[in-house]
Amino acid sequence: MRAQSSAITSSRIAVGVTSGDMGGGSLGTVQAALGVVAFSLTFPATAWGLEGFGPWSLIAVRSILAAAVAGACLLVLRVAPPERRHWLGLAVVGAGVVLGFPLLTTLALQTSTTAHAAVVVGLLPLTTALFSALRVGTRPSRTFWVAALAGAAAVIAFTVQQSGGALTSADAYLFAALLVCAAGYTEGGRLARVMPGWQVIGWALVLCLPLAAPMAAVALSYEPVHLTAHSVTGLLWVAIGSQFLGLVVWYRGMAAIGIPKASQLQLAQPLLTLVWSVLLLGEHLPVAAPLTAAAVLVCIAVTQRARG
């Protein structure tokens, strides 16, 4: 009886911790959506950052700043290091989300507009769902996949049509970024089920610090730096807003509502990026944007209702 009572108590505690971390489906959706809003500002902020920093310097410095914030939080709160079995997953998060995706998209944005680069984000939800099915074993319904494919197709058609249908040299960077980021999102969403989301990205950032520090030293010695209001603001946002705070709420949301459903919220990210591009960069907003936005919102609604 005592063993049975102990087991029941342990189960209740585990359930309580899990539900507390996840915050419920509604809160998880809000958290994932806040992450999408933060990510939608990444490309315009990167464009601002490139006004004063070289691509390699921008990536290295943003990683160091984000790692400094994350490391300070981990230190102040006296968070114990993750178990040894989680470090490989954290390395995947670091390689994909902390270094890989920012570096590849920053290189692409040297020759690509933010609107064209947004095609990566349009494909990312579907790719993340595929990685999730392979890695975590999730099996979304047929309705989910149809809506996801329709949403991705709408975003791709919109971005390709706006770029004249021509593929640029930046596309290789963009498609590579798509793959590494989907792997990082999937692994991070899996880890966020066993540890708080902010600790997932926090430890991943700290893990990448030994690579980012020497990269920054070399890059800053070769690439000139011109500090302006735009470049500093862009750097601070991609480092703290996108790289840390955005990923904190994003991973919490993924843990709460599931990787496939959370990833589909990113279908709205390209359209949000276009809005920010108009407001912050002065780019022209295409007439087709409202129609595409409506189609994407319908697809998101279907995926959120579809049972996995």
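This is a predicted model: local features need pLDDT of at least 70, side-chain atom pairs count only at pLDDT 80 or more; totals for chains, interfaces and linings use all residues.
Residues are numbered from 1 along each chain as its sequence is written, and side-chain values use heavy atoms, with hydrogens and water left out.

**Ring pairs**

- Five aromatic pairs turn up here (rings of Phe, Tyr and Trp, taking the six-membered ring of Trp, pair if their centres lie within 6.5 Å; planes under 30 degrees apart count as stacked, over 60 as edge-to-face and the rest as tilted).
- Take Phe39 and Trp250: their ring centres are 5.8 Å apart and their planes sit at 75°, so this pair is edge-to-face.
- That pair links distant parts of the chain, with Phe39 in helix 2 (residues 24–40) and Trp250 in helix 10, 211 residues apart (helices are DSSP runs of H or I with at least four residues, numbered from the N terminus).
- Phe39 counts as buried at 6% relative accessibility, and Trp250 is buried too, with a relative accessible area of 0%.
- Now for Trp87 and Trp203: the ring centres are 5.9 Å apart with planes at 75°, so they also make an edge-to-face pair.
- Trp87 belongs to helix 5 (residues 87–108) and Trp203 to helix 9 (residues 197–222), so their pair ties together parts that are 116 residues apart in sequence.
- Phe39, Tyr185 and Trp250 are linked into a cluster by ring pairs.

**The nonpolar core**

- The largest nonpolar core has 63 residues (such a core is a set of buried Ala, Val, Leu, Ile, Met, Phe, Trp, Tyr and Cys residues joined through side-chain atoms within 4.5 Å).
- Among the residues with the most contacts inside the core are Tyr185, Trp250 and Tyr251.
- Leaving out residues up to four places away in sequence, Tyr251 touches a list of residues including Val93, Val97, Tyr185, Val200 and Ile201 (contact means heavy atoms within 4.5 Å).

**Salt bridges**

- Side chains of opposite charge can pair when their charged atoms come close.
- The structure holds two salt bridges (a side-chain nitrogen of Lys or Arg within 4 Å of a carboxyl oxygen of Asp or Glu).
- In one of them, Glu83 joins Arg85, with the closest N and O atoms 2.6 Å apart.
- Glu83 is partly exposed, with a relative accessible area of 46%, while Arg85 counts as exposed at 60%.
- Glu187 and Arg190 also meet through their side chains in a salt bridge, at 2.6 Å from N to O.
- Both Glu187 and Arg190 lie in helix 8 (residues 171–191), three residues apart, which is about one turn of the helix.
- Glu187 counts as buried at 7% relative accessibility, but Arg190 is partly exposed at 24%.

- Leu65, Leu220, Val225, Leu227, Val232 and Leu236 make a nonpolar surface patch of about 470 Å² (patches are made of residues with over 30% relative accessible area and no salt bridge, where like charges are joined within 9 Å and nonpolar side chains, meaning Val, Leu, Ile, Met, Phe, Trp and Tyr, within 5 Å).
- Leu236 sits in helix 10 (residues 229–257) and is partly exposed, with a relative accessible area of 43%.

Conventions:
Accessible areas come from the Shrake-Rupley method with a 1.4 Å probe; for residues, only the protein chains shown count as cover. Helices (H or I, at least four residues) and strands (E, at least two) are DSSP runs, numbered from the N terminus. Buried means under 20% relative accessible area, exposed over 50%, partly exposed in between (1.4 Å probe, protein chains only).
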